[in-house]
Amino acid sequence: MSRQSRSITLACTFMLVSTALSVPATAHTATPPRTPVPSLTGPLQSSGDSHPFNISTVPLDAYGYVEEEFLVSGRANVYDYDAAGKVTVVRTAVPYTNRIIVRRPADRRAFSGTVVADIMNMTNGWDLDRMWLTSHDEYLRRGDAYVGITSAPNAVASLKKFDPSRYGSLSWPDQRGCTGRALNSAADSEGGLVWDILSQTGAALKSHGRDNPLRGLKVDKVYATGYSQSGAYLTRYINAVHPLARVYDGFLVAASASGVKPLNKCGPTPADHDLIRPTAEPVIKMQTQTDFFMDRGASRRDDSDQPDDKYRLYEVPGSAHAYAYTSGFAPSPEDLARIGVTYNYYNCDGVGTTFPMHYLYNAAHMNLDRWARNRATPPRAPRIQVDAGGQTVLDEHGNAVGGVRTPWVDAPTATYHPASTGPNCFLFGHMTPFTPSKLRQLYTDHGVYARAVAGQVYKLVKEGWLTREDGAASVNEAAGASVPR
């Protein structure tokens, strides 16, 4: 049987099974239908002006990594909720072609067995590999593979504009004549294909045939992640489609306060405010102070270690949804110009924030892997404190009280603001550095400051809030800081 025939057979089998599905959004099916593996084209070659959009700005060769781009093609269902809140199929076997970008160790012996599948962020209308920007240090030193998944029709449109020849076959077609625009859809596209695209891409990464873009590598665990709006997508996937597919081994939902997502572009907006429902696969949700500020804790629920509900929520005072560190890894201005975009990642309130939220994400990834592999439960933290009026409680330095405590707010050198003023700056944090006189009041000499940071960092590393490498970097940064001055 040819690869094309095999793919069609699997897709048709899934179509017949899926048309009978009507599963409560909270239910775990005992024997979910097998998720089909899409067909793979690539790796796509680069020549002249033709190269992948969002090519890594991290020098992968220095880490023994390679970057490859593939097209994946399959057939996806379109889902919706019925009147009883059950997930149903409203359209079957819609053909699609999507793109993924893979960064992996060149030497299979250096591969950790862990794959991070990132729902690339589509908010700006083009693929932003936001979790790679945030946690590439951790992936590279662990030997993990990163797979960025194009996740919406608006990003597909930008790819076609970037290189019509390279990306001309990409397609997320609408076959219902629906006029809605949710899930970043256009009149002729259906963003609701994203759910089966995510499931089928995950199935491909776990498969053993030629349609696995990581063929030759022994894959043990595949985790799904998404930042900001992509995190809201991931929440909807966990709640509605994961129980049908059971492909991913765990989830890291990052900085998500972007609103509740429907299941298709004309579907109703669910009323659950993106509360992540119980699942046996571990889920870690990390909220920056910006995201907490935006949803005022409306998506909070209790942590759990139950067999069918493994969940942690971390709220991090002082952190910002968008901050200075990741700006250096965005797509090149030249590539963005080809799609008609001028992207100034940070230009709000003059001074950005250096709060190293990526350190906390790195540790969350480490803890998610330990939880899924070894049943090692991660630490718990209190929530950010609010007063009777729902306002964030601040300490004497203007920093939030409660949440995940770090030396940046417990041995502070600045006030950290979760939002900024200016056009489209509500997601961008900034900080107000303390005056020299205030620093001298807090720390009589540099040793007092450095010891305060080192002591807390040691505790955070021991408890799993920081990786050993990031803990060492934090101590070194404090040792080299001119505090007090």
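The legends below cover an overall view and several close-ups of one predicted protein model.

Residues are numbered from 1 along each chain as its sequence is written, and side-chain values use heavy atoms, with hydrogens and water left out. In this predicted model, local features need pLDDT of at least 70 and side-chain atom pairs count only at pLDDT 80 or more, while totals for chains, interfaces and linings use all residues.

**Figure 1. Overall view of the protein.**
The secondary structure comes to 13 helices and 13 strands. These are DSSP runs numbered from the N terminus: helices are H or I with at least four residues, strands are E with at least two. The radius of gyration is 22 Å, close to the 23 Å that the globule rule gives for 485 residues, so the protein is as compact as a globular protein of that length. That radius is taken over C-alpha atoms, and the globule rule is 2.2 Å times the number of residues to the power 0.38. Along its principal axes, the C-alpha trace spans about 75 × 55 × 45 Å.

Of the 485 residues, 58% are buried. Buried means under 20% relative accessible area, exposed over 50%, and partly exposed in between (1.4 Å probe, protein chains only). The protein exposes about 18,900 Å², and carbon and sulfur atoms supply 52% of that area. Accessible areas come from the Shrake-Rupley method with a 1.4 Å probe; for residues, only the protein chains shown count as cover. Contact means heavy atoms within 4.5 Å. Among contacts between residues at least 6 apart in sequence, 76% join residues at least 24 apart. The mean positions of the 49 positive and 46 negative charges are 4 Å apart. Lys and Arg count as positive, Asp and Glu as negative; His and the chain ends are not counted. Each charge is placed at NZ of Lys, CZ of Arg, CG of Asp or CD of Glu.

The largest nonpolar core has 112 residues. Such a core is a set of buried Ala, Val, Leu, Ile, Met, Phe, Trp, Tyr and Cys residues joined through side-chain atoms within 4.5 Å. Trp195, Tyr248 and Met286 have the most contacts inside the core. Not counting residues up to four places away in sequence, Met286 touches residues including Leu252, Val253, Tyr314, Met357 and Tyr361. Val253 is found in strand 8. It is buried, with a relative accessible area of 0%. Beyond its neighbours within four places in sequence, Val253 is in contact with Gly226, Gly231, Leu234, Thr235, Ile238, Ile276, Val283, Ile284, Lys285 and Met286.

**Figure 2. Ala93 in strand 4.**
Ala93 lies in strand 4 (residues 86–105). At 14% relative accessibility, Ala93 counts as buried. Two C-alpha distances place Ala93 in the fold. Val253 is 160 residues away in sequence and 28 Å away in space. Thr377 is 284 residues away along the chain, at 39 Å.

Arg108 sits in the loop between strand 4 and strand 5 (114–119). Arg108 is exposed, with a relative accessible area of 61%. Leaving aside its neighbours within four places in sequence, Arg108 is in contact with Gly216 and Leu217.

Most residues other than glycine have a negative phi, and most peptide bonds are trans. A cis peptide bond joins Gly42 and Pro43, with omega about 10 degrees. Pro43 is in the loop between strand 2 (39–41) and strand 3 (65–81). Another cis bond joins Val483 and Pro484, with omega about -5 degrees. Pro484 is in the segment after helix 13 (468–479). Arg246 has a positive phi of about 50 degrees. Arg246 is in the loop between helix 6 (229–245) and strand 8 (250–254), and is partly exposed at 23% relative accessibility. Phi of Arg375 is also positive, near 60 degrees. Arg375 is in the loop between helix 9 (357–374) and helix 10 (407–410), and is exposed at 74% relative accessible area.

**Figure 3. Gly422 in the loop between strands 12 and 13.**
Gly422 is partly exposed, with a relative accessible area of 46%. Asp174 is 248 residues away along the chain, and the two C-alpha atoms are separated by 37 Å.
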